[in-house]
Amino acid sequence: MININDFLGESIRSGMVAIVGPPNSGKSTLMNQFLGQKISIVSHKPQTTRNRILGVVNGDDYQIVLLDTPGLHKARQPLNREMVRIAMESLKEVDVILYMIDVSLPLPEKVAKEKNKEMIEQMDGVEAPVILILNKVDLLDKERLLPMIQHYSELYPFHSVMPLSAFTGEGTDVVIEELLELLPMGPRYFPEDIPTDATERFLAAEIVREKVFLLTGQEIPYSSAVIIESFEDDEKKKMTTIHATIVLERNSQKGIVIGKGGKKLKSIGIAARRDIEKLLGQKVLLKLWVKVRKNWSKDERFLKELGF
Ligand SMILES: Nc1nc2c(ncn2[C@@H]2O[C@H](COP(=O)(O)OP(=O)(O)OP(=O)(O)O)[C@@H](O)[C@H]2O)c(=O)[nH]1
Ligand SMILES: [Mg+2]
């Protein structure tokens, strides 16, 4: 029989792993922790991640291709429906699923039951083994851990239930070991020096969006999208010039994002530039504009332009 690996050379433990779960459970933080660098944006507000973000973890004899996904939630609006679709689709493509929940906050019994029910419904028809990740244990009284693991193990045939802190990294090594047992033998799909398939343009837009999430309140983050108008690398000057537009849904939001005397926009720009410089490893000139495109999050055409 012909084995494809004879043609591809190396045969190692390799495959795809999706990180899914409710918004704000720490999926992107875990992805970055595994990668040892920041690829996915993170904020304390739910629904930060909107796309599928791919990250590659390499070892001498393994390659884990991680998919960070938007949070699973009851979606009513077009943008939210797209986000949930992306997350649900990734469940079908992968070898292993990490379903992540935040266990740091005690929930009223009724809410907990409802969440568990939703989780089981989301896993309906899923064939890949599911590891339940209990995240944010750094905030948890350790005595609560064992009964919790017991409780979740009885809830659904998880392959395993693993507590960790995506933030501190405590408990994450064990997950890698577990994944390596579950992944098939295969080729190295991505070159070892490439941590993601996302373009620098996309990552730069995400960084600006993260700063909007962190530095503005109320509905502004959910009404914001970021478009890179131009991205120019000057090799001689070792500098990248980026022009980006923050797109909002309503005229009334423009003043909030710009702030008094342009102060808010300036702080978004400074914070974003710092992170983009880290990402690109060189100086960045970042120019930000603010524009209104009425109700863009409900506009199928604009969502397509954004890559949904
Ligand atoms: N204390 C603590 N905080 C954490 C941990 N993991 C994530 N967080 C925080 O939880 C918040 C949400 O983290 P994210 O990684 O953005 O969560 P997410 O699941 O990707 O969220 P969405 O993209 O909105 O679905 C951020 O403020 C993180 O710093 C953890 O292990 N411990
Ligand atoms: Mg996220």
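How far apart do the C-alpha centres of domain 1 and domain 2 lie? I looked this up first.

**Entry: basis.** I am working with a predicted model, in which local features need pLDDT of at least 70, side-chain atom pairs count only at pLDDT 80 or more, and totals for chains, interfaces and linings use all residues. Residues are numbered from 1 along each chain as its sequence is written, while chains are lettered from A and ligands numbered from 1 in the order in which they are written.

**Entry: domains.** The C-alpha centres of domain 1 and domain 2 lie 28 Å apart. I noted the bounds as 4–186 for domain 1 and 200–305 for domain 2; such bounds come from an automatic or database domain assignment. Nine residues of domain 1 and twelve residues of domain 2 form the contact, where contact means C-beta atoms, placed from the backbone, within 7 Å. On the side of domain 1 that touches domain 2, I found three nonpolar, four polar and two charged residues. Here Ala, Val, Leu, Ile, Met, Phe, Trp, Tyr, Cys and Pro count as nonpolar, Asp, Glu, Lys and Arg as charged, and the others, Gly among them, as polar.

**Entry: ligand 1.** I found 23 residues around ligand 1, with G26, S28, T49, G71 and F167 the closest. A residue is near if its C-beta atom, placed from the backbone, lies within 6 Å of the molecule. The shell divides into seven nonpolar, 13 polar and three charged residues. Its largest share, three residues, comes from helix α2 (residues 27–35); helices are DSSP runs (H or I, at least four residues), numbered from the N terminus.

**Entry: two helices.** I then looked at α7 (residues 200–215) and α9 (residues 263–280). Residues in α7, including L203 and I207, meet residues in α9, including I268 and A271. This contact holds twelve nonpolar, one polar and four charged residues.

Methods. Axes fitted to C-alpha atoms, helices over the stretch in contact; angles between N-to-C directions. Contact = placed C-beta atoms within 7 Å.
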